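Thank you all for coming; I would like to take a few minutes to walk through one model. Please have a look at it before I go on.

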Amino acid sequence: MTALELRASLGLAGIYALRMLGMFLILPVFALYAETLHGADNHTLIGIALGSYGLVQALLQLPLGMLSDKVGRKKIIYGGLLLFAAGSFIAAGADDIMMLTVGRIIQGAGAISAVITALLADLTREEVRTRAMAIIGMSIGTTFAVSLVLGPLLAKYIGVNGIFVLTGVLSLLALLGVWRIIPDPVHSSFHSDTGTNTARLPAVLRNRELQRLNFGIFALHAAQMAMFVTIPFALTSTGDLDKSQHWLVYLPVVVAGFVLMVPAIIYGEKKARLKQVFVAAVALMTTAQIGMALALSSFWLIVLWLALYFVAFNILEATLPSLISKIAPADAKGTAIGVYNTAQSFGLFAGAVAGGWLYSHHGALGVFAFTSVLMLAWLLLSLTMTPPKAVKSQMFHIGEHWQGDADALSRQLASQRGVSEVVVLLGERVAYLKVSQQDWDEAAVKQLIQATY
C-alpha cells in the first residue's frame, strides 16, 4: 500500500468502527436502561427501540451507496455523520421510550456503511483493495469486542445517556477526520467489488447458495439482538451482578471467542475445509442457544454457554464474508455484499422486536426457544450447502488507453493455471479473477495484464 492508501484505509476503518460503536456500545446495557424510562413497562417497545436502528439502516444503506455515485461520497458521509450525531443527542435526552426510539431511528438514518466502502474503492488500487477491506473488517470485530466490555463500565461512570452523548461527540469529531485525514478521490466511479449493480441483483437474489448465507447472517444477528434483550436481566438475577459489573462476564468470554476463532479459521482456509468449519460453528451456536434455554437459573452455566456462543459467533462473522466472496459471481461481489449487509440489518431489527415481544409474553425461555429454532433452521440449511471452491478474489487494473478485445483477454486469463473465473470490465478498467488459494500462475496473469499498459 502507498502512504495515501494506508491513510485512507485506516481513516475510513475508524469511521466505520464509529458506526458500529453506536450500535455495539449500548448493546449490553440498553435493555436495563430502557426499562427505567417512562412507557417502557412493555418489553416489546424496548425491542423496537433497540432494533429500529437496524431497520432504517436496512432501508437506506443501498440507496445511499448508489446516490453517492452521483452526488459524491463525502457529501453523503458528512450528512450521515450529522444525522448519527443528532440521533445520539436526542437519545441522550430522552425521558421516555418513544423519544429514545426516535433518536435510534435518526441514528440509523445515517447509513453510510456502503458509502464508506465505495470511497475506499475510489482511493485504493485494485491490487491492494482486499487488504484495505480487511482493515475495515478487523475494525468491526475489534469494536464489537471492546464495546461489550466498555459499555457496562461507561454506563457506571457516565450513564447510558452519557454513552449516547459520547458517540454523538465522536461523530462530530469524525467530520473533522473525513475533512482533514481522508483524501479526496481524483474521481468517483462505480466499482463492482464494492457497489450494488441493480442489473446484477436478480442473479444474486436467485443464487441458492447466497440465499443460504443471507438467511444465515439474518439469523445470526436476529439471535444476537434477541439475546441482548434477555441476557442482561439473566446476569443480574442469577449472578446478583450490578449492570456495571457485567463486563466481568463479557471480557473473558469475548477473549476466549477470539482466541479459539483463529485456529478454526486458519484450518478452514488452509485445508479447504471451510464448509466443515462453518457447519461446526453453526452447530455450536445452536447448542449454545439450546443450552442457555435450559440454564436460565444458573449463573455459571449461562457464562459457559455465552463463552461457546462467542466462539461460534466470531467464527461465523469471519467465515460468512469469505463465503460470499467465494460464491458470488466475480463481477457481482459488491452487489452480493450489499444484499448480505441488508439482510444483516433486517436481522438486527427483527431479532430485537421478536426478543422484546417474546420476553414480555413468554419470558426468557420463550426468547431462547425462538433463537434455538432459528439456529436449527440455519443448521439444516448449512448442512446441504455446496462446499465452496478453494478460491480467492484478485483484481487488476487495465491500462487506461488499452482498447483491445476484452473477451479475448478474458479467455487468455482464464486459460492460466489456477484461474477459475474471469470478468474483464473495460468500463471500470478492471479484471476480476477468482484464483486457486494454493496454486495459480500469478506471473503469467500479471504479464497479460501488463500488456494492457
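I will start with the overall build of the chain and then turn to one hairpin.

This is a predicted model, in which local features need pLDDT of at least 70 and side-chain atom pairs count only at pLDDT 80 or more, while totals for chains, interfaces and linings use all residues. Residues are numbered from 1 along each chain as its sequence is written, and side-chain values use heavy atoms, with hydrogens and water left out.

The protein chain has 15 helices and 3 strands, taken as DSSP runs numbered from the N terminus, with at least four residues of H or I for a helix and at least two of E for a strand. For 453 residues, a compact globule would have a radius of gyration near 22 Å, and the 22 Å of the protein chain agrees with that; the radius is taken over C-alpha atoms, and the globule rule is 2.2 Å times the number of residues to the power 0.38. Along the principal axes, the C-alpha atoms fill a box of roughly 70 × 45 × 35 Å. Of the 453 residues, 58% are buried, meaning under 20% relative accessible area with a 1.4 Å probe, protein chains only.

Now to the hairpin, which is formed by S2 and S3 with 4 residues between them. Strand S2, residues 419-425, pairs with strand S3, residues 430-436, in the antiparallel sense over 6 bridges, where pairing requires that DSSP finds at least two bridges between the strands. Valine 419 has valine 435 in S3 as its bridge partner, and in the turn arginine 429 has a positive phi of about 55°.

Key:
Buried means under 20% relative accessible area, exposed over 50%, partly exposed in between (1.4 Å probe, protein chains only).
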